[in-house]
Amino acid sequence: MGKEIARFNIKPTFTKVDITFSDSKSFDTYLDNLDIQANRMEKNEYESNDPGSLYSGSFGTGLSSIFVGNKAYRNYIVKRYIENDYLGVIDAYLEYKEKFTGGIYENEVRFLYASALLNSGSTDKGLQILKTLSESDSGNFRDYAQDIIFNYYEKTGKTNKILEFGKEINTFTQYGLFAYTKALYEKNSYAEILNILSDYRDYLDNNTSLMEYKIASMYFLGQMDKLSKTEPFSEISRYFITDALIKTGNYKKAREILNAFDSDNRYFDYFSFKLAILNNNLNEASFYLEKINNPKDKLSLFFFYLSENFPGIKSEVLDIFQFNSPTNRDYLNYYKGLYFLQNKNYREAAKHFEKVVFQRNLVTNSYFYKGLCYSEWDSSRSKHFFIRYLNTGKDKEKLDITRFMLAQFYFFEKDYTKVKVLLEQCNINPCRSLEAEILLEQSDFENALKIVKNIDSDKANFVKASANYNLKNYNEALTYLDKIKKPYPGKNLLKMLTYYKLEQFDKGMSIFEENKNNKEFLDRTVRQLFLANQYLLVINILNQMESLEPSHLLIKAKALYSLKKYDESETIYQNFLSKNKYIYDSIEGLISINKARGVTRDFLENGFNWLNKYSFNDESSIALNFSQTAFNSGNTDLGIKYLNYFFNNYPNASDAKEAYKIRADFFYEQKKFRECAMDVNSAIERFGESGDLLLQKAKCIRNSAPEEALSIYRDLKNSRQYGNIAKRNIIFLSDNVTEVEQLSLEFKDKNRNLYLKGIEKVLSNVGIENLDEKEDYVYQLVNSGIKEFAVAGDYFIAALDYNQKKYEEAATKLMRVYYLHENSDYAVKSLKLALKAFEKLNDKNNAEKVKNILDKKEE
């Protein structure tokens, strides 16, 4: 705020100087000399229309060339010029110009001719000749031409032409330098004035006018220290030097110069006000201000006070300024508005900004400040003024802040489309931080961190902390929270929660104790501690509270349950039911307590009373919970009754799919596979072929239609959620050795038992004649350390011997498998392969024994 002061270039009237040239122009001196010279001329040198006619004839012509010469023609032109007979000059020059070529009068008569053209209206031609003369190497007429050109442009007010011509000059005449300097001053080209005057110190020593322009230029370039060391040499210089002394703090010297002012000098009061206000003498300043009538000077003093004191301005000083002009009153109201805004008196500030109506620039900027003011209590009005500034404002910084403020409003309204448009055009860090906040809101924590990565502000650090907290980088979150040194909304709450996540409960509780009267701190503390299984701590906190809100009592009931204090927990839930509060949570809690104690049939039957008595959200979920609880506790009839109640009362409930699955599971357990499949198909018809339903369908039909079940599992094997379950079932159902082997290998490092089961199946299906190719699998089974698979490994080692025609070794190992693991699946397999081995050995005795054993087993 306050940057506007520098942008309003209100110059005091003493700086608008009208400095006149103090010396004679060189061409004026020349004209004066011409006038004197003309009076001394012989009449015959100028009175005849044709100077040569006095000596006409054969004799005369010869004399004219001797006696008349070029001087008579020159004098003739001079006299015509002195008598302002410019047309006569033009005619004579055109008639006799050849006589002057190469002579001593050539430049002079060309100068007079060009001047006559200029004075008779042929300005372009006259100026062109004069410019050519001014570019000559040397000579008086070079300087005369320069002077007359500058003089013509100055009289006709052609400042830009003076500047153009001045840039072409190599060496200025004294008057030419003055005219060029004056034009530069009018264009505020102060640095260029000082630069060019530095090359003409001799002119400065002799010309007060040029020195005054130098003094004024130093003033506007802020060279106050240099200026304050300069002694006044004219009235104009006295004003600039006095102000420089005031600006540099040399009040004593300024007062000495002021005392030398004439008693009626109007700038005495002007500078006296400055000295008074700088000395904090409000009464004296007010006295001098009242005597100043020029509104521009009064406005200049107003800005002087502001520039010296802003933002630490005082309302009592502003009050001494009174302006008759409505436009000047705009300035006063505008800065009074800034004063009250700076002091956070937003309503008073808005009142003054509303009074700004004439100055367009001030009106536009007032939209911005009114937007800030009204943002404190009227967001709709605030948005209105920010939008107006966005459409009319020019200041880049204010426009960015405006976009930021509007983006915040739309952010709180969740109008993210408008927020995005505003932030795309905003280039300040707060906009980037707000953009990151939106990403936080959308749970895009990684990108939120990227946006504020290189921003070091409280908001950015809070965003970093929040994002890291949600990404579970709790130590990182704590680091950024510690970087926020000033009070910041949400900082202590997030820090407390971070300590809880880090299980530094003592530090978190320390912050809670400082803020325990804040409901959000209490809510979040008991919730986080409950989630962290700090049930006893939760109960201790709640027991210290004078009165508990229902939400806190609910958490207390859940904490008591977790501590197995079922009676106290049940009392709270029953109390809720009696008051018709938290019906869903209370019944859920009572179901959990009943499960922990042992489910009773009376409790299950009472559930119907609750469902009929109370009306609450998620009734269907409670009915399903009772159904599942009934099935799990062996009360199958009540489980079915609850399912029927569900379908009768909540047929369109969102959890109807779950009800179908529960009933399908019941039918599966009862080996009613057809009914199981029918329920799943009904669910699929209603809810689509979701992975969970397809898995259940495959389960229902795997006995009656194993190939169809296998097809379902194969369709689901690439599912992210259900793929592993599908692959497991494929391993058990498929007879495709390659498929089973590939899937088994996927579980080698994830599920060792499933892997071993898979390679066991591969060995069983590959055929004894191909076992050599899978020998490595055999030894993995043997070395598994798991009896079930070790037995299988022993069988396949014996089978390897058989395959290699080591029938005796094979038979011995196979009989050992039978005798050691008679009840295993491999007992009969071992006997059958041993019989073949004995037959290969032609060992009829042992073959007969094995056959008898097999016959008995088959009986």
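Biologist: How much space lies in the second largest pocket, and why is it called a pocket?

Modeller: About 360 Å³ of space lies there, where a volume is the space filled by probe spheres set on grid points that are joined across faces, edges and corners. The name applies because a pocket is an open set of points, on a 1 Å grid over the protein atoms alone, with protein on both sides within 12 Å along at least five of seven lines; a cavity, by contrast, is a set where a 1.4 Å probe fits but cannot get out.

Biologist: On what kind of model do these values rest?

Modeller: The model is predicted, so local features need pLDDT of at least 70 and side-chain atom pairs count only at pLDDT 80 or more, while totals for chains, interfaces and linings use all residues. Residues are numbered from 1 along each chain as its sequence is written, and side-chain values use heavy atoms, with hydrogens and water left out.

Biologist: What makes a residue part of the pocket lining, and which residues are closest to the centre of the second largest pocket?

Modeller: A lining residue has an atom within 4 Å of a point. The second largest pocket has 17 such residues, and Leu 440, Phe 462, Ser 466, Asn 470 and Leu 494 are the closest to its centre. Two or more lining residues come from each of the helices H26 (429–441), H28 (458–470), H30 (491–501) and H32 (519–531); helices are DSSP runs of H or I with at least four residues, strands are runs of E with at least two, and both are numbered from the N terminus. H28 gives the largest share, five residues.

Biologist: How do you know that Cys 426 and Cys 431 form a disulfide?

Modeller: Their sulfur atoms are 2.0 Å apart, and a disulfide is defined as a pair of cysteine sulfur atoms within 2.5 Å, so the pair qualifies. The link of Cys 426 and Cys 431 is right-handed, with 75° about the S-S bond.

Biologist: Which other cysteines does a disulfide join?

Modeller: The structure holds two disulfides, and one of them joins Cys 676 to Cys 700, with an S to S distance of 1.8 Å. This pair links distant parts of the chain, 24 residues apart, from Cys 676 in helix H41 (residues 673–687) to Cys 700 in helix H42 (residues 691–701). The link of Cys 676 and Cys 700 is left-handed, with -45° about the S-S bond. Counting bonded cysteines along the chain, the pattern is 1-2, 3-4. Cys 373 is in no disulfide, as the nearest cysteine sulfur, that of Cys 431, is 20 Å away.

Biologist: Is Cys 373 buried or exposed, and why?

Modeller: Cys 373 has a relative accessible area of 0%, so it is buried, a term for values under 20%, with over 50% called exposed and partly exposed in between (1.4 Å probe, protein chains only).

Biologist: Is Glu 760 buried or exposed?

Modeller: Glu 760, in helix H46 (residues 752–766), has a relative accessible area of 8% and is therefore buried. Glu 760 touches Leu 781, Phe 789, Ala 792, Phe 796 and Tyr 826, leaving aside residues up to four places away in sequence; contact means heavy atoms within 4.5 Å.

Biologist: Is Arg 360 buried or exposed?

Modeller: Arg 360, in helix H22 (residues 360–374), has a relative accessible area of 71%, so it is exposed.
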